[in-house]
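Keep the structure open while you read, and click on the residues as they come up.

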Amino acid sequence: MDIPQMIPLLNELDRLHLEWYPDRFRRLPGGTRTPHMVTDMFKHAAFQVYVAVDAGTVMGMMALEYRERSGPIAVREHYILVDMIVVGEEHRRKGVGSQLLVYAEELAKESKNRRLELKVYKKNEAARRWYEQQGFEPVFETLARDVQVDGEGK
């Protein structure tokens with residue numbers, strides 16, 4: 001796997017997060033992900049990273065997390081959370097993201113997970129529209145507000 005080629009994809013995602021939510025994300029020391037940071041992504045048992053490669057070029061990547069949900073009234077279910085999907089700008093609108101989602105669905109079927117879920121930031125309107133075109137639909141929304149904590153100045 002070509003980790004150096006994955007870094008610019010993650011940096012682009014980080015740049016967008018910082019632009020949209022500067023109070024929620026921080027700039028990395030040195031301004032970029034390191035190979036060590038990317039390698040660490042592969043170490044989590046429930047978290048798996050998949051890369052779309054063509055002729056040795058990394059075109060896109062996604063991270064999946066295998067999860068379980070249950071509760072007093074919730075039916076116990078296993079599902080896969082698409083934690084991240086990113087496609088390099090020069091490879092967008094060529095079906096790379098769609099192929100990654102098709103692969104995620106294949107993995108869900110193989111592992112008997114009946115649902116794919118994902119989260120998308122509200123400000124990422126283009127991604128939300130694209131996910132809906134791929135058959136995803138909103139299930140619930142997370143609402144948030146800031147709380148003033150004693151001793152913290154704003």
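## Arg115 and its partners

Let's start with Arg115, which is partly exposed at 37% relative accessibility (buried means under 20% relative accessible area, exposed over 50%, and partly exposed in between, with a 1.4 Å probe and protein chains only). Arg115 makes a salt bridge with Glu77, and the closest N and O atoms are 3.4 Å apart. Here a salt bridge is a side-chain nitrogen of Lys or Arg within 4 Å of a carboxyl oxygen of Asp or Glu. Glu77 sits in strand β3 (residues 77-87) and Arg115 in strand β4 (residues 115-118), so the pair ties together parts 38 residues apart in sequence. Through shared partners, salt bridges join Arg69, Glu77, Arg115 and Glu117 into one network.

A word on ground rules: this is a predicted model, so local features need pLDDT of at least 70 and side-chain atom pairs count only at pLDDT 80 or more, while totals for chains, interfaces and linings use all residues. Residues are numbered from 1 along each chain as its sequence is written, and side-chain values use heavy atoms, with hydrogens and water left out.

## Other charged pairs

Side chains of opposite charge can pair when their charged atoms come close. How many salt bridges does the count come to? It comes to 12.

One of them is Asp14 with Arg33, at 2.8 Å from N to O. This pair links distant parts of the chain, with Asp14 in helix α1 (residues 3-20) and Arg33 in the loop between α1 and α2 (35-41), 19 residues apart. Asp14 is buried, at 15% relative accessible area. Asp40 and Lys43 also meet in a salt bridge, at 3.2 Å from N to O. In that pair Asp40 is partly exposed at 28%, and Lys43 is exposed at 59%.

## Overall layout

The protein chain has four helices and four strands (DSSP runs numbered from the N terminus: H or I of at least four residues for helices, E of at least two for strands). Along the sequence they follow the pattern α-α-β-β-β-α-β-α. The C-alpha atoms fill a box of roughly 55 × 45 × 30 Å along the principal axes. Of the 154 residues, 32% count as buried.

## The nonpolar cores

Nonpolar side chains tend to be buried together in soluble globular proteins. A nonpolar core here is a set of buried Ala, Val, Leu, Ile, Met, Phe, Trp, Tyr and Cys residues joined through side-chain atoms within 4.5 Å. The largest one has 20 residues, and Met62, Leu64, Val82, Ile85, Leu116 and Tyr131 have the most contacts inside it. Elements giving two or more residues to this core are β1 (47-54), β2 (57-69), β3, α3 (96-110), β4 and α4 (125-133). Helix α3 provides the largest share, six residues.

Leaving out residues up to four places away in sequence, Tyr131 touches Ile85, Leu101, Leu118, Val120 and Phe136 (contact means heavy atoms within 4.5 Å). A second, separate core has 15 residues, including Ile3, Met6, Leu9 and Val58.
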